[in-house]
Every structure is written in C-alpha cells, then in structure tokens.
Amino acid sequence: MSHKFIPELLAPAGSLDALKSALAAGADAVYLSGKKFGARHFAENFDKFKMEEAIKYSHLRGVKVYVTVNTLIKDSELEGVAEYLLWLYEKGVDAVIIQDVGVAHLCRELIPELKMHVSTQMTIHNLEGVEWARDFGFKRVVLSREMKVTEIEEIANKINKNEIELEIFAHGALCYCYSGQCLLSSFIGGRSGNRGMCAQPCRKPYQLLKGKRDKYGKPKKLAALPLNGHYLLSTRDLSLYKSLDKISDLAVDSIKIEGRMRSPEYVATVISIYREALDSMSQQNWKPDEHEVYKLKLAFNRDFTTGYLLENRKTAVMGCETPGNRGLYLGEVVNYKNKTKKPVVRSEIKFKLEKGDGIVFISPHSEKKRYGMVLEENPQYDGDKIFLNTRRSVETGSKVCITRDASLIKEKEKLIREDQHKLSLPLDLSVKWDEQNRPFIYGEFSGPDGKKYKSRLEADFTMDKAIKSPLSKYEIEKQIRKTGGTPFKIRHLQVDYPGNLFTPISKLNRIRRDFLKKAENEILNNYKPQKNNVQLANSRLTLVKKDLNSSPKKLNINNNKEITLAVYTSSLETLKGALDGGCRRIYFQPLLWEHFNPKSAPEAFHPETYHNKILELILKAYEICKSNGALLIWKWPGITSNFYLSHSVPLIGTLCEEGAVEVMVSGMGAARAINNSNSCVKLSGSMELNVWNHQTVLELSKTFQSLTLPIELSKYEIALIISRTRDKGMNTAYEFMVQGNLEAMISENSILSSKSEKEVIMQHNDFYGIKDVTPRIFPIIIDNEGRTVILNSVETCLIDHLPDLCGMGLNILTIDARTRTRSYARDMATFYGDAITYQDDGDRGERLNKLKLKIKKISSGGITTGNLLKGIKET
C-alpha cells in the first residue's frame, strides 16, 4: 500500500502550559517567542528561563523548537538581537523564524549554522520569492496565506525540497491584510503590527461609503451602501481539516496551526484532531469526521473557511456579520414562556448538552443582540427538543449556539495531565565496582529519535567494608531504579555487587542522579552546536558589537544640496499634473479603471486585454515624461502574483527598446524576476520592503538603486540608518513619503464584492471608503487584479519638516497622488517644489507654515506628521 505524504504538524506555544499541551496532543514541532522580537507581544511568551525549559522539554520528546524573531528591528536594537540569536543558537533551537531582512543578514553573517525560516510577515507569495529565500540561505518559507493551491503546487513542483522547504497555515485566525504589509493599527493608534502590537482594527465595525471626487480627488456626496454585516474587514477562521487529503497531495513540508494567544485546552484540542487525521491518512484510511469538526468549532471559530487556498469565491473568506466566536450551531428556540423562563430548543445536531456547557441565544432580529449563559444543570430532552432554564427572557426564533463544551475541556485537561508521566526512554544499566570498591554506572539508551547512546560515570567516592550492616544487593537496586522526574525508565538493570560494603544511601542516590543527568544532557547536547562553532560565533559577535557601537561620524549629515521631488501617479492626467507642478521624477502605477471604465471586472482581468492596456499606458506615459525632460519609473503593485509576473516581465523587453527601463517593486520575488529577465533594468524599492535598519540596506543595496524608508520610523531612526550606511561608503539613494493618504492595508479580498456576488470594479471619478465609529473615513482603491487597498484616513504632511528631512541625507521626497486629480498633483508638486528651494533666511518656518495651510485645504481627511516625531508605541 502506498502511503500519503504527511507534513510536519507545527503547533503554537504562547506559554509553557500551551507547549506541553501541544506535545501531549502529538505536535511534531512548536513555534514560540521570547519576551522580545516576537509578533505576538500580548501573548504570555517565554523569558530565558522558561525558554530553556521549553527547549529541553521538547527535545527530550523529539519535538523541534522554532523561535520567532519575526518583528521589524530598529537600528538601535541590532546589538540586542545579535546577542539573542547567539543565545538561541547555544541553547540548540532548531530554527529561527525571521521577518526582517536585516536580521536575516546579521544572522547569516554571525551564525551561518543557525537555520532560518522566512516568516509569513516577509510576504513571500511567488516562486521567485521562494527562490530568492533559498539563495539567501533560508531553509524554509512560510508562504503568504493568500496563495492559491495551484500556485503552491507550481512552486512545490519547481523547487528542490532538499534546498528549501514550504510551510503553510492550516488552522486558526486569518488577517484581512497580507501579513507584513499592514499599517492600519499603526496609523490609527501607533501600535504597529510589524512590532507584534496589532490592536486588531480589522475586527471593528465599518460602514461602506460611495461618492464622487471633487477637483482635488477629495470625497463628496457620500452615501452609505446597504450591507448584511458591518464587520467589513473581519475574516472567518481558516480550517483545512476537511481538505487534508488535498494538502497532502501538495507535499508541503509543514502545516502550521495559528494560536499563540489561545489556551492550552484549545491547542490540545486542535492539535490532537489534526494529529489523528494525519496518522490515519498515512495509512490511507482517513476521511473527515463531522464530530471532529464539532470539536474544532467548540474550541473556537468565527465560522470556518478553507481560505484563499481553496475557496472559489474571495467573499467566502469573509465573516462580516460578527468578529467573535460563533460556537457550534445547536438549533432554534421554538417555544418560550415568560412565566417559567423555560425556552424549548429544537436541536439540529447530535450533541447532548450537560451541566457546565456554555450556550448563547442570538436574536432573530439582530446578530448583536445576544444572551450567553453556562448551564447550571443537565437539561431535559424529549426527542429533538431540549428544555432549558434561563435567568432572562429569550425570543422565539432565536438561534442557539454552543460556545463551551465542558466534557471536551475535561478530556483535554486529562490528556495534558496524563502526558506529564508519558515520557519513559528505556535505559539499560549495569553497576560495577573496581578494585578500590569505587562504583561506576554504565548505560545504553536511545533518544526520542532512535539514536543510540552509551554513557559511563564513575563515582567520586569509594565504599567501605561494612562493620555491622552491609548494604544488600536489593537495597542498591532499589535506589538505582528510582528515575522519577527524569525522561528515563529502567528496562534492564545488572548489579555486579561484590558484597559486604557500606556507604550512605545519599551517595548512591547522588551517583544515580548524576548519571541520569549526564545521560539526559547527552541527548540534549545532540541538538546543540559544537563548542568551537559557538566560540567562532562569539568572536564574530564581538566584531559585530564593535561595529554597531561605533557612533556614526555625525547623525545630521546635511550633505544633500539637491533634493529630488517625486510623485506617485496612477493616471495619465495625474501624471501631467505632477509635471505641471515641476516634478521630474514620476512613478506610474496605471489603474485601468481610471482610464477605460470597463463595465465589469472580468474585462479588466483578461490577461491579454489587461497587459496590452498596461503597456499602452506606460508607453504613453513615457512619451509624455520624455517630452518634459522627466524620468518615468513603472511602479508595480504591492502584490505580484505568479500571474502578474508571467505577464508583466515580458513587457519589460518592449519598454527597454523604448528606453523606459526603470521599475519600482515591493518584494524580492519581483526584483528577482526582473533581474533574471533583464539585468539592465534599474530597480527602486518601495516602502513595503520594510527597511528598518542599516543591515537591511547592506543586503538590499545589492539589488536596488534607491530604497524607500518606512513611514513608521522616527526622525532619529531614519537619520541613524542613513548615517551608518554613509559611514560604510554606501551611496544608496533614500526616499521618504512626505505627502498623501498612504497605504494602510492590501488585501486579496475585494471589499466592493461585499455588496454583490460578482466582482465589482471601480469607475472613473468614483470614491469608495470605509467609515469607522470615530468617524474616520479610509479611502479604498481596488487594484487591477481586484485586491482592496485601504488608505490612511488622514494625509501625511511633512512640508514643515523638510529642513530636518533634507538635513538627514534623504535624496528623494515623494508625494502619493494615486487616484487623485491633475489639480492635486500639480498643486502638491508646486508646494513641495517651492519648499525645497527655501533658504534658511529667518522666515523659512513661517513660509513653510503658510504652505502647510494651503496643503490642508486640499488634503483628504486632514493632515498628520504620523510617527516622524515620536515613533511608534512600544508598550
């Protein structure tokens, strides 16, 4: 019988108790975080003492430990990260999961033997991205959750599994935005998702608005669109349990369960169900069990989806009705009497309620109107009817869902308790004495992975000839057999006792403990690096720290006499406006709906039509820029799927023939695809590359002529990056966004499809936005492939900070005028162009403030300096 490919089952561990639950339930590996540098800042997480205990506990059971170092790291934190990586290496972690390219660069140079996995936060979503990660030195890529099964299948078929592994998420919460690209929490409250502090604004209610644009692209004549739910950004929970056979066919190396914020019981429930399914699948006798689905729903669910991986419709991923736990649907209230407060529920599933279970009644008139309770007694049954006692009245027709299964919780608590005593590695021992009556223990044993070990320990004492009461062989065997609190259990024990000897029992206990500790360490040391490798890494760390501690020659470089102004545009009219305002560096990301107004989305998405029109627009833009002495750069979207790359890369050859050869990209996969096709193309890197430190620049400067620094950084953090790279002789051009409603999110979902089963495409001069309860309005763009781009509700405006920005050594200051009008681009380019020329003659500040007032009048939603002055929140 042929066996199916069974992937590694990777479990979340937000605490030591959750880790032990995962192992009890059958996880092959766990992922966890220290108190710093992890993307789940609000989980319990692990201090160094608990981290060591977790590594030891897991390795003695043959379970791998992956540690997340998956936040973006500031320059001032690099020394701490370097020390932490070395500490993890010494303790024997199996891999580190990394988001920051600079941290990966540092890790590779410092500890080349430490395995690195690409975090999903790095937004790898195409074959070229996986190949870039492989060539960089990563051993595994956690793919973006938005990838389709066909895309992953293509990647899996084209890579060498011995060089790079693939990991996907299989169960748990989904983000609305592509991981690593979300700034919404940061924009709203300063809590950055890229630093593990997301405030989850996607779980809040919003209203979808539609209107028109005025002469500056600001919204007018707004009206709310009727929708079934108001949680427009709230996704359902991913569950691939029913589709595990398809996942096995993909031959990905690991499936990950999300949930480092979840309880130990949740972890035990989900892992045990997936473990049993995978084990059965390996024997070709598995099919989904609906009762197991019930358990998964009872653990926690926002309604399940198979995600973008398998769903045919993008809207199937969304759960806009409510963002909370849905529980397990039980049935409907068919009768209720106010006097007795005894609702009658008709059950639609085979599930018997009992005392301690939690249920919720949901009004037939409003999802928001809910009443939850814990059963204080076992209910009465009559066929499919259940008779309940409640303290409050409920409406006939109310839905009833089970939110807590007391018996399931007890079952998992028992599983966790019993596993504490499961580990018992068989140990064969012999105890002998030498001529001086010194005892020694010799043992043979196998580790959890089956590896054979031999160990010998000689006592640090000799036994005396007995005067009155010699120790018996039985007494010695009794003491040696005590292995409680260790991973071992004596299988065979041979004691070659010469007899008539005595020593205190405490000494026998000590040699036994010392031997068992030595045997345990031999297993654990198998996971740890060799001492000479640690010494070499420590030597490299000393050099790294010396380099990092060397202060830049001066933080305020002030060496840029000429600053270039750039404008992002998405239509030919906006492009002309930027040129009218004197801008001579134009980024062009053509949006088809601004030019052609197709009647339906399929027309826009047809590959041949789509790319012919893109090429037509770029060539027109190039001619317009050329006639005005301006540079045109083709700006690619933040997400470049395999589909996009396969059709866009060939266009570059045509553009090269015309001389339009510069491109801005947002990912390493796109950069690799272009360079593999045409190495003469000049590349610029967008803000989505997340350049948070100078180590990232050291790596990316090999590929990009210019890099856009993130809007989340403060003035000091920007200056530090530029100063350190200039001190190293690097001449990479630095860009910074100074004006516009900047991108807060990019999602595979098309939010406009919330109001229709069909894809809806924007029309020229349309304005769409979402309004929160404050009420802020966040503009929405639907890109050429139907993705939703959500913009900040207020415009970044840094015109009064230009003297500081210029003094830091920035080369290019950029205005985002995409989807805005010719008038907006013209006026903004004029204002900033004038501001750059202002000399420090005493009244520059006053003149800049006057320009700021003019900008405020044409800005959408007001203006903000963002994080420039204070940086993001750290607590």
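Modeller: Let's start with the second largest cavity: 16 residues line it, and the ones nearest its centre are Gln 181, Leu 183, Met 687, Glu 688 and Glu 743. (A cavity is a set of points, on a 1 Å grid over the protein atoms alone, where a 1.4 Å probe fits but cannot get out; a lining residue has an atom within 4 Å of a point.) This is a predicted model, where local features need pLDDT of at least 70 and side-chain atom pairs 80 or more, but lining totals use all residues. Residues are numbered from 1 along each chain, and side-chain values use heavy atoms, without hydrogens or water.

The second largest cavity holds about 150 Å³ of space. Sort its lining by class and you get 8 nonpolar, 5 polar and 3 charged residues; Gly counts as polar here.

Now step back: the structure has 7 cavities of 30 Å³ or more. The largest cavity holds about 260 Å³. Its lining is made of 24 residues, with Met 122, Ser 666, Gly 667, Met 668 and Leu 689 nearest the centre. Two elements give two or more residues to that lining, α5 (127-136) and α20 (668-677). Both are helices, meaning DSSP runs of H or I with at least four residues. The largest share comes from α20, which supplies 3 residues.

What classes of residue line the largest cavity? There are 13 polar residues, 9 nonpolar ones and 2 charged ones.

Definitions and conventions
On a 1 Å grid over the protein atoms alone, a cavity is a set of points where a 1.4 Å probe fits but cannot get out, and a pocket is an open set with protein on both sides within 12 Å along at least five of seven lines; lining residues have an atom within 4 Å of a point. Grid points are joined across faces, edges and corners, and a volume is the space filled by probe spheres set on the points.
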